[in-house]
Amino acid sequence: MNISIRPLALNDLTALRGLLRAIGVFEEHEIRVAEELLDAALAGDPDYTVYVAELKAGDAGESPTGPVMGYVCYGRNPVTDALYDLYWVAVDPSMQRHGAGGALLLHAEASVRRAGGRGLVIDTSSRAEYQPAHQLYARCGFQRVAEVPDYYQPGASLIMYMKVF
């Protein structure tokens, strides 16, 4: 599958909001946060950078929701010397397992490196629904570095992944 990655545009919002709900993993309050970060990035907030993965021209017919496959949102952590937090990586369910998630993570990593960052940190949930994401992070070279039991709710720990360059 031919994937291109580009900056977020205003006309991406409908598709991205739809895919956040279609994924079926995120709770409504999580989706609201994701939407707030998308809005902040579009408004020019320098704390949030968003890139979108889409099918290259000619492949658009493969996606039922149009060419947008997913997105990544990240930003510099201001209390560190040069670490960045990866806030969201989300891929349309019909496009998962086709390389978009990995491409988005690699793009974020390259962007962070160019900006002088020394690594990326991902906070995620231990819930079973997140296991495919954990596998993606490991395939992309992230190390599981911490777990905080019952962080999100009883039985849902915070799992932290990190990749230092």
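This is a predicted model. Start with the charges. The chain carries 14 positive and 20 negative side chains. The centres of these two sets lie 6 Å apart.

Now the surface. Of the 165 residues, 46% count as buried.

Next, the fold. Four helices and seven strands build the chain. Read from the N terminus, their order is β-α-α-β-β-β-α-β-α-β-β. The radius of gyration is 15 Å, close to the 15 Å from the globule rule for 165 residues, so the chain is as compact as a globular protein of that length. Along the principal axes, the C-alpha atoms fill a box of roughly 45 × 35 × 30 Å. Among contacts with a separation of 6 or more, 60% join residues 24 or more positions apart.

The rings come last. A pair of aromatic rings is described by the distance of the centres and the angle of the planes. The chain has six aromatic pairs. One of them joins F26 and W88 edge-to-face, at 4.9 Å centre to centre with 80° between the planes. F26 sits in the loop between helix 1 (13–22) and helix 2 (28–42), and W88 in strand 4 (residues 83–91), so this pair ties together parts 62 residues apart in sequence. F26 is buried because its relative accessible area, 15%, is under 20%. W88 is buried too, at 11%. Ring pairs link F26, W88 and Y130 into a cluster.

Note on methods: Residues are numbered from 1 along each chain as its sequence is written. This is a predicted model: local features need pLDDT of at least 70, side-chain atom pairs count only at pLDDT 80 or more; totals for chains, interfaces and linings use all residues. Side-chain values use heavy atoms; hydrogens and water are left out. Helices (H or I, at least four residues) and strands (E, at least two) are DSSP runs, numbered from the N terminus. The radius of gyration is taken over C-alpha atoms; the globule rule is 2.2 Å times the number of residues to the power 0.38. Buried means under 20% relative accessible area, exposed over 50%, partly exposed in between (1.4 Å probe, protein chains only). Contact means heavy atoms within 4.5 Å. Lys and Arg count as positive and Asp and Glu as negative; His and the chain ends are not counted. The place of a charge is taken as NZ of Lys, CZ of Arg, CG of Asp or CD of Glu. Rings of Phe, Tyr and Trp (its six-membered ring) pair if their centres lie within 6.5 Å; planes under 30 degrees apart count as stacked, over 60 as edge-to-face and the rest as tilted.
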